[in-house]
Amino acid sequence: MSNIAAFQAALAEPAVERDAIFEALHTMRTHLGMEIAYLSEFVDGKLVFRAIDAPGLEHLAQVGGSMDLADTYCNQILSGHLPQLIPDTLDLPVAAAMPITHQIPIRAHVSVPIERSDGSTYGMFCCLSPKPNTSLNNRDLALMRVFARLAQSEVQRTLEVSSNHSMLSDLIDRVMRERAFDMVYQPIIDLRSGDLKGMEALCRFRSDPYRAPDLWFGDAARVGKSVLLELTVIKMALKALQDVPAGVYLSLNASPDTVASGRLAEVFAGHPGDRLVIEVTEHAAVADWATLDRCLHALRTMGVRVAIDDAGAGHSGLQQMVRLRPDLIKLDRSLVDRIDEDRARRSLCAAMVHYAAETGASLVAEGIERQEEAEVLRSLGVQTGQGYLLARPMPLADLLASCGPKRH
Ligand code: G
Ligand code: MN
């Protein structure tokens with residue numbers, strides 16, 4: 001990563017912990033009885049101010065502001081032409097000859113380098129005063145080094161966070177650019193007739209070792225790219241529609257944020273909305289219901305149906321189901337698992353069948369793995385189901401080849 005990119009990443013990372021650095025600057029400045037303390041970073045021949053403690057002198061330098069490194073003491077100190085501790089600059093011809101000495105002015109100056117974890121120079125930890133201070137001694141310099149080290153460990157931690165952040169962001173960009181994922185489709189089947197009713201598009205990211213889609217979407221969310229990634233996947237999934245038999249719907253997963261972005265309408269434009277289902281999963285509480293409602297309404301006017309995904313699981317609560325008014329309710333597999341052996345699951349499922357009938361929704365049981373489960377669900381009145389017993393998620397070509405009515 002170039003210096004500039006690192007610099008931008010650091011700027012783009014507001015979580016940077018400035019407090020510890022500021023405390024170190026402030027404590028050292030007041031200990032020395034000086035007026036200005038700052039932490040700088042060297043970026044492409046410039047000295048950039050990263051943190052400043054200079055009460056009343058804010059006009060002299062601002063965080064993010066910069067000056068040419070060649071004009072500064074820092075440069076001379078690093079090259080050994082000036083010492084780290086200068087009680088009076090006018091005693092040193094090199095300092096006295098520098099324009100900045102008279103501009104600021106600078107008379108007393110203490111400055112120590114800050115290193116990155118690879119040993120390269122990040123910048124300097126500096127205190128200075130327009131007044132000379134002949135009492136400055138090596139004990140002050142030693143203390144300055146202690147505080148500089150504190151600042152240095154904070155700088156190193158921050159650089160690591162922003163470099164991880166930008167590496168992850170680059171990786172997600174690459175996954176999207178190179179379409180480094182495959183789509184698989186899982187049949188949604190009528191539990192009585194065995195007919196194919198719909199298919200859920202699921203994405204599988206190509207990586208070694210394999211990582212579940214949830215992990216990828218979680219990573220994308222950490223760098224603010226989950227909506228973009230979901231839209232990219234949905235666009236890819238939509239390509240299946242031209243080959244899917246008439247009367248079979250395509251079910252697509254989207255987080256509330258992606259729906260609320262309002263961008264699905266443009267992605268769906270030109271596709272038959274009445275053959276699309278959008279499955280909304282709630283892994284976190286919905287932040288903005290008004291926007292979500294508005295965007296869902298817009299999709300519904302295109303004929304798109306709305307499903308609530310993972311219904312009955314911890315994160316898809318009853319209130320959310322009532323609020324979303326789903327056209328389809330996808331019963332979470334935790335309710336389906338061993339439903340034949342558990343009265344509580346059976347009665348909850350029966351309640352959902354009732355709720356669905358009352359609200360005009362249809363039910364899809366997810367994660368059916370055993371014949372006994374399918375039988376109980378059927379007897380409870382669940383119309384459709386999905387799960388390894390019926391069919392695994394598979395490439396579209398395989399699914400189309402295996403199409404046709406099946407009985408279970
Ligand atoms: O949250 P959502 O329901 O969209 O998740 C679907 C995931 O569940 C997919 O990754 C799919 O592979 C998986 N899945 C589908 N059928 C079954 C099943 O019968 N059992 C289990 N354990 N997982 C399933
Ligand atoms: Mn789903």
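How many disulfides does the structure hold?

1. The structure holds 0 disulfides. A disulfide here is a pair of cysteine sulfur atoms within 2.5 Å. Two cysteines are worth a look. Cys295 counts as buried at 10% relative accessibility. Cys349 is buried too, at 2%. Buried means under 20% relative accessible area, exposed over 50%, and partly exposed in between (1.4 Å probe, protein chains only).

2. A word on the model and its conventions. This is a predicted model, in which local features need pLDDT of at least 70, side-chain atom pairs count only at pLDDT 80 or more, and totals for chains, interfaces and linings use all residues. Residues are numbered from 1 along each chain as its sequence is written, chains are lettered from A and ligands numbered from 1 in the order in which they are written, and side-chain values use heavy atoms, with hydrogens and water left out.

3. Glu200 is buried, at 4% relative accessible area. Asn253 is partly exposed, at 24%.

4. Next, the largest pocket. It holds about 1,400 Å³ of space. Its lining has 46 residues; closest to the centre are Asp214, Asn253, Thr281, His283 and Asp309. On a 1 Å grid over the protein atoms alone, a pocket is an open set of points where a 1.4 Å probe fits, with protein on both sides within 12 Å along at least five of seven lines; lining residues have an atom within 4 Å of a point. The volume is the space filled by probe spheres set on the points, which are joined across faces, edges and corners.

5. Finally, a sheet. Its 6 strands form an open sheet in the order β3-β2-β1-β6-β5-β4, with antiparallel pairing. β3 (66–68) and β4 (85–86) are at the edges with a single partner strand each, so one side of each lacks a neighbour in the sheet. Strands are DSSP runs (E, at least two residues), numbered from the N terminus. Two strands pair if DSSP finds at least two bridges between them. β4 and β5 (residues 108–115) are joined by 2 bridges. Leu85 has Val110 of β5 as its bridge partner.

Notes:
Helix = DSSP H or I, 4+ residues; strand = E, 2+ residues; numbered from the N terminus.
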